[in-house]
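Please look over the chain below before reading on. The text then goes from a sheet to a helix and a single side chain.

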Amino acid sequence: MPMKLYAQAGNYKTKKALICAQYAGLDIQTPTGGPAAQTGRIPVLETGEGCIFSSVAIARYLARVNRLAGLYGQNLLEGGMIDSWVEFCSHELEVPLSTWVLPVQGIYPEVPEATKCAKEDVKKALTVLNNHLLSNTFMVGNSMTLADISVFCALLDAMQLVLDDGFRKPFANLMRWYNLCLSQPEFKAVVGDVKFCGGGAAAAKDAKPKQEAKPKQEAKPKQEAKPKQEAKPKQEGKGKKEEKKKEEQPKKKEDQQPKKKEEQKKKEEPKKKDEEKKKELSPEEERKAKLKKVVKEGGKRGVEIEGAADMGGLQFFCTAVDEPQGDVELLVESMKAMNVKSDPTEEERKGGSGHIGKMIFSAGTEQLGIVAYVPEAKQGDLSCEEWLKTTLALFNGTFLSGAKDISTGCVKTDADKGIFPLKIREAMIVEANNFLRKKGLFPEDDDDDDDELVFGDDD
């Protein structure tokens with residue numbers, strides 16, 4: 001039996017729920033009328049087991065229905081981060097956008113002072129999003145989640161009505177992400193083709209009085225004022241000016257010489273710097289610089305994993321890292337950085353997750369690198385090699401090395417078979433977690449309450 005969503009078809013909140021349904025593979029009907037007459041509110045989602053109202057509650061429910069879709073993240077930490085962005089969207093973004101957009105739509109009369117404040121608040125919110133997306137492809141993790149869908153839909157009307165070219169220009173990272181969302185088939189199936197605001201509806205609205213003010217153009221008193229042109233006493237002073245120019249010319253040439261030298265130096269400086277960089281970036285030094293980034297990322301991720309595991313009672317954890325870019329050797333170093341003992345006296349803690357079993361994934365252009373780790377205390381419950389081999393089997397990956405504590409493998413890119421590292425990474429993380437569930441090593445299998453804990457809660 002398909003679910004029924006009673007909501008306003010054109011409302012961005014309705015589209016948020018429908019996009020979630022697209023990712024979850026759900027068939028949802030959108031009839032008119034119904035619960036609004038009975039309860040006095042919409043949207044309402046009617047399921048076979050009961051009804052859910054409130055757009056945020058509906059979206060969260062749909063995001064959790066199919067865990068393979070990953071809309072609520074891959075672990076407790078990601079679920080919490082998604083909730084954070086959903087709350088940010090509701091309070092920091094939707095409130096000022098409604099104040100600005102609804103008067104343009106003709107729903108409410110405009111209050112100029114409120115609109116002015118709303119524009120400033122929108123700028124602040126978009127700046128936060130733009131800064132976050134500087135180093136993140138998606139809002140949370142490495143795939144589309146409810147956080148992306150919520151922010152996208154909140155911006156949908158504004159992108160078409162008020163956020164003109166000039167307003168959008170400073171937010172390049174945000175627009176790159178927004179266009180990425182638009183290119184996804186699940187988004188297109190719901191929103192279709194989106195036409196961005198060009199000159200700006202609000203800008204055009206404000207500009208109308210200026211366009212109508214034509215009397216100024218018709219008035220020609222200034223053109224008739226010709227006596228100034230006929231007056232020639234000033235022109236008689238040309239001889240003195242020419243004499244002064246001749247006297248100043250040699251001085252100017254002398255002054256220009258040091259300026260030219262300075263300009264030449266400035267032009268030569270970038271070339272020298274480029275040459276120095278080329279000399280500095282030997283293969284060994286490049287590798288060292290890369291390793292430094294890998295270790296830094298691994299250390300930070302280790303602290304995050306430790307915190308998430310302590311909160312959710314996790315014994316094992318699956319996640320992705322970026323810096324190794326598919327290099328298995330570097331991925332092993334990332335794992336070591338995660339496992340290093342954390343020093344509580346340090347200002348910036350690193351590692352600390354050596355007691356937690358992990359499988360980490362890193363996508364490069366040529367392959368998806370995978371490293372599995374099982375601490376000594378957990379080796380009686382789980383075989384590191386078996387865990388990795390089972391995960392690799394999903395895409396016929398290659399098992400590279402095995403041991404009781406650390407095993408490595410990879411899946412090569414194969415365009416003919418449609419195997420691409422970024423495309424298969426989330427599916428392999430899910431497969432690794434499924435293996436843990438079968439072994440009874442994932443806390444969410446205990447009961448329904450744990451399911452809600454792992455994937456976030458409304459409160």
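In what order do the 5 strands of the open sheet stand, and what is the sense of their pairing? The order is β5-β6-β7-β9-β8, and the pairing is mixed. The edges are taken by β5 (316-320) and β8 (398-401); each has a single partner strand, so one side of each lacks a neighbour in the sheet. On average, neighbouring strands are turned by 20° against each other, direction ignored. The model is a predicted one.

Strands of a sheet pair through backbone hydrogen bonds, in either a parallel or an antiparallel sense. For β5 and strand β6 (residues 357-363) the sense is parallel, with 5 bridges between them. One of the residues involved is Thr319, whose bridge partner in β6 is Ile360. Helix α17 (residues 384-392) lies across β5, β6, β7, β8 and β9 (406-412), and runs at about 10° to β9.

Next comes helix α16, which covers residues 328-339. With 12 residues at 1.5 Å a residue, α16 should span 16 Å; the distance between its end C-alpha atoms is 17 Å, which agrees. At the start of α16, a side-chain oxygen of Asp327 comes to within 3.0 Å of the backbone nitrogen of Glu329. Helix α16 is mostly covered, with 9 of its 12 residues buried. Among them are Val328, Leu331, Met335 and Met338. An α-helix has 3.6 residues a turn, so residues three or four places apart point the same way. The buried set of α16 also includes Leu330, Val332, Ser334, Ala337 and Asn339.

Back in the sheet, Gln367 belongs to strand β7 (residues 367-373). Is Gln367 buried or exposed? Its relative accessibility is 14%, and buried means under 20%, so Gln367 counts as buried. Which side chain makes a polar contact with the side chain of Gln367? That of Lys412 does, at 2.8 Å. A polar atom of the Gln367 side chain also lies 2.8 Å from the backbone oxygen of Gly326. Leaving aside residues up to four places away in sequence, Gln367 touches Gly326, Val328, Ser362, Cys410, Val411, Lys412, Thr413 and Pro421.

For the chain as a whole, there are 19 helices and 9 strands. Of its 459 residues, 39% count as buried. Among contacts between residues at least 6 apart in sequence, 68% join residues at least 24 apart. The accessible surface comes to about 27300 Å², and 50% of this belongs to carbon and sulfur atoms.

Conventions: Residues are numbered from 1 along each chain as its sequence is written. This is a predicted model: local features need pLDDT of at least 70, side-chain atom pairs count only at pLDDT 80 or more; totals for chains, interfaces and linings use all residues. Side-chain values use heavy atoms; hydrogens and water are left out. Helices (H or I, at least four residues) and strands (E, at least two) are DSSP runs, numbered from the N terminus. Buried means under 20% relative accessible area, exposed over 50%, partly exposed in between (1.4 Å probe, protein chains only). A polar contact is a pair of N or O atoms within 3.5 Å; within protein, one must be able to donate a hydrogen and the other to accept it, and residues adjacent in sequence count only if both atoms are side-chain atoms. Contact means heavy atoms within 4.5 Å. Accessible areas come from the Shrake-Rupley method with a 1.4 Å probe; for residues, only the protein chains shown count as cover. The expected span of a helix is 1.5 Å times one less than its number of residues. Two strands pair if DSSP finds at least two bridges between them. Axes are lines fitted to C-alpha atoms, for helices over the stretch in contact, and angles run from 0 to 180 degrees between N-to-C directions.
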